[in-house]
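Work through the exercises below with the structure in view. Try each task before reading its solution.

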Amino acid sequence: MARKRNRLFTGLWALFILAGLLAGCGRSTGSGTGSFAGAGNAQNTKDVAAGSRQQKETPERQHNPDETEIQVFLAASLNRVMAQLAENYNRLHPEVKITCHADSSGTLLTQIQEGYACDIFFSAAQKQMDQLEADGLVVKGTRADAVKNQAAVITAKDSGTKATGLADIGKSQSIALAGGSVPVGRYTRQALMNLGILPQTEDAAAYTAKQVSDALGGVEISEQGNVSKVLLAVIEGSCETGTVYVSDIYGYEKELDILEIVPYELTGDIIYPAAQVKNPDADEAQEKAAAAFLEYILSDEAKPVFEQYNYGVLE
């Protein structure tokens, strides 16, 4: 059975975890685009979390008229490591303000296609980057594979689940599952196909949560909009199990158990590409700042930070 907690405690704990998961990269409290809804608006989440320890310890940056701001759209699973990388980068380049917007790669792709100002796109899957490139929105020659990751089945420490991994995840009382347009949701569906639980189809992402539930024997599935929301649902106990990335578990080892690290044979390779995006609103200074920060993300200097957060680095 999923954990039972005092409702007030659970609600406060969930709010604290969500604020920590979705806080933005930048160290300032600038407005960013100001028009993103829900979990994708990292800057608004920072404002909500202003009472947290991190916010209290980090002094507010004063407005600098010579400061150059760049917009970084990144997969939700990258949010914490990118916050660290942005902080490290700003020690050397305080003149650059890095504003991050974290959500599912599919949601971010749609926002870029709709005209939201974006300078760098860091996706959790090749599919979304392929589409962005096909749309002619990637700056030529800037796309590169940055890091790799691996899917994992998780549960809370005291959940008492009978599931032992993906093959028998249907034994759970409830499952948090990202939608098919979310890379980790598609990887999960692909793995279920390769296990023979879901019938083979050309596009694993097309499977609905209801179809996945039926294939797993009718288990309750709570479909989530990005991987951070899946993680939260398992941590706060509203779902007994869920599928996230190994990197998402960093810092939550005391709250979570890994039931299985899903092998690449089931999911396929999980590679995160990054690229500079054509931003018609960017001036020359912004374009140069975006190119420099992207170069830093892909550099050897960034690799130890990615490894610290449980990402695999590419040679």
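The model is predicted, so local features need pLDDT of at least 70 and side-chain atom pairs pLDDT 80 or more, while totals for chains, interfaces and linings use all residues. Residues are numbered from 1 along each chain as its sequence is written, and side-chain values use heavy atoms, without hydrogens and water.

**Exercise 1.** Find how H5 and H6 are oriented to each other.

Solution. Step 1: locate helix H5 at residues 105-113 and helix H6 at residues 126-134; helices are DSSP runs of H or I with at least four residues, and strands are runs of E with at least two, numbered from the N terminus. Step 2: take the angle, about 10°, and the distance between the axes, 9 Å. Axes are lines fitted to C-alpha atoms, for helices over the stretch in contact, and angles run from 0 to 180 degrees between N-to-C directions. Step 3: H5 and H6 are therefore roughly parallel (angles under 35 degrees).

**Exercise 2.** Determine the strand order of the open sheet and which strands stand at its edges.

Solution. Step 1: the 5 strands run in the order E7-E6-E8-E5-E9, with mixed pairing; two strands pair if DSSP finds at least two bridges between them. Step 2: E7 (220-224) and E9 (256-261) each have a single partner strand, so they are the edges, and one side of each lacks a neighbour in the sheet.

Conventions
Angles under 35 degrees count as roughly parallel, over 145 as roughly antiparallel, 65 to 115 as roughly perpendicular and the rest as oblique.
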